[in-house]
Amino acid sequence: MRLSLRTLHALPQDADRFTYDRGAQAIGIVHFGIGAFHRAHQAWYTDQAMDEGDRDWAICGVSLRSRSVADQLVPQDGLYTVTTRSGEGAQVRVIGAVREVLFALDDGAAIVARIADPACRIVSFTVTEKGYCRTGAGDLNLRLAQESFYPLLGRALAQRAEAGLGGITLLSCDNLADNGTVLHRLMRRWMMENEPDALDWFETHCTAPSSMVDRIVPRSTDKDRSALQAQLGMADEGAVFTEDFSQWVIEDRFANGRPSWEKVGAEMVCDVVPYETAKLRMLNGAHSFLAYAGLAAGHEFVHQAIADPQLCALARRLMLEEALPSITAAPGQDLDRYAEELIVRFNNPSLRHRLDQIAMDGSQKLPQRWLDTVRWHWSQDAPTPAIRKGFEAWRQHCARNSCVDDPFKDRLVEAAQSTDRSEFLDICFGEYGDTQSIWSEYVFLRSIFKSAE
Ligand code: CS2
């Protein structure tokens, strides 16, 4: 037996589930990148907001690169479970918010029609850092962008403009500094090149608020799914497993309405920057450090790396002495406590969060996780030894060729194997040379590597 609308009634009573009339909800959100993170985070919030009485915010999830989520969810009528794992045990909830799952390569016309439909009011994104197709200098790589969401979204926006429809909100939920501004700038660039007639409409009617998303969602494994099947008495191929912590801080600047996410725990603010900066530099910065240094020390999971006293001390140093001073906190934001809470979250053994999952795409992640912190210290002439160790571990990781999963894999591996360490940095960050912010720490890092040789 497999989870679906037909079998829903047979689930054990203790499995929490949506209570709204699912069939009556119009699709108000199209989401690009319907991976495990979206299902355990934004879809989970939206599902609960609809339970609280919000209407017409059902989600159409779009996969850009593979059919696998459609294969998992379409036979289940879009239903799946989120299992939250904490020290007190696990809790299961069936999510009904995802009404439709489409695959970009097969269903392009249907995706454009969904976004162009007057019922759609938000297009959201978890396409990962590389999905935005930025050049090193932060502009749009128009060639790579052809393969991402840009052509579908551009066409749909042009149709909305031509039909004189209301605007739409583009909501980035990826780990990028100032993600809304970045998305708006890149989309504008795409429209200038490809949909110039709709550019004015886009600028006047659409918004792109920034948001900070936080929930640790390891990749689901066969073992997770079999244990869940034994518990539920039915299979759920789309199941996701996560921690009980969750945070979503959103700039409240929506073009055409939004779900009442604040009723179910999201924080609506005027300025996301302090939260986003703390999350990227402290949580994600420490995560990347633990990934490269932890793999080098023979660990497999985050909870093992953080239990290693040497690595824990360095991760703590990275957060408290390197990242923290570089952040201007929002009123009431307690960054010391944040760091301690992060150590506790990293210690959760039931998550089994693989270090190699975090280690992928270093070239896309590390600029916003490490470089801004290094730059701040550089301006004070102070060293950042934990991040420096992280860089060295990353270089060694790249030198071990077979395990590198990165869009610049070939360039990284070649440079990492070279004896000149600064050549590695040239290749990783050399393209950033013309952006003021990255240039200084890049020069700085080069000099640290040089002096260490
Ligand atoms: C992790 C993040 O894979 C990674 O690079 O650092 O996915 C992290 O788990 C999330 O940002 C937590 O919110």
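Predicted model: local features only at pLDDT ≥ 70, side-chain atom pairs only at ≥ 80, totals over all residues.
Residues are numbered from 1 along each chain as its sequence is written, and side-chain values use heavy atoms, with hydrogens and water left out.

Cavities come up first. A cavity here is a set of points, on a 1 Å grid over the protein atoms alone, where a 1.4 Å probe fits but cannot get out; its lining residues have an atom within 4 Å of a point. Grid points are joined across faces, edges and corners, and a volume is the space filled by probe spheres set on the points. Searching the whole structure turns up two cavities of 30 Å³ or more. The largest has a volume of about 50 Å³, and its lining is made up of Ile216, His287, Val302, His303, Arg345, Phe346, Asn348, Leu351, Arg352 and His353. Two or more of these lining residues come from each of helix H11 (302–306) and helix H13 (335–346); helices (H or I, at least four residues) and strands (E, at least two) are DSSP runs, numbered from the N terminus.

The second largest cavity holds about 40 Å³ of space. Around it sit Ile29, His38, Gln42, Thr46, Ser124, Leu171, Cys173, Trp248 and Trp261.

Next comes helix H9, residues 222–232. Its buried residues (under 20% relative accessible area, with exposed meaning over 50% and partly exposed in between; 1.4 Å probe, protein chains only) are Asp224, Arg225, Leu228 and Leu232. They sit on the same side of H9 because they cover an arc of only 95 degrees around the axis, taking the directions from the helix axis to the C-beta atoms. An α-helix has 3.6 residues a turn, so residues three or four places apart point the same way. Over on the other side of H9, Asp222, Lys223 and Ala230 are exposed. Just after H9, Gly233 takes a positive phi of about 75 degrees.

Asp56, in the loop between helix H2 (42–51) and strand E3 (58–63), has a phi near 65 degrees. Asp56 counts as partly exposed because its relative accessibility is 29%. Cys133 has a positive phi of about 55 degrees and lies in the loop between strand E7 (122–125) and helix H5 (142–145). With a relative accessible area of 6%, Cys133 is buried.

How values were computed: 1 Å grid on protein atoms, 1.4 Å probe; cavity = no way out; pocket = protein on both sides within 12 Å on 5 of 7 lines; lining within 4 Å.
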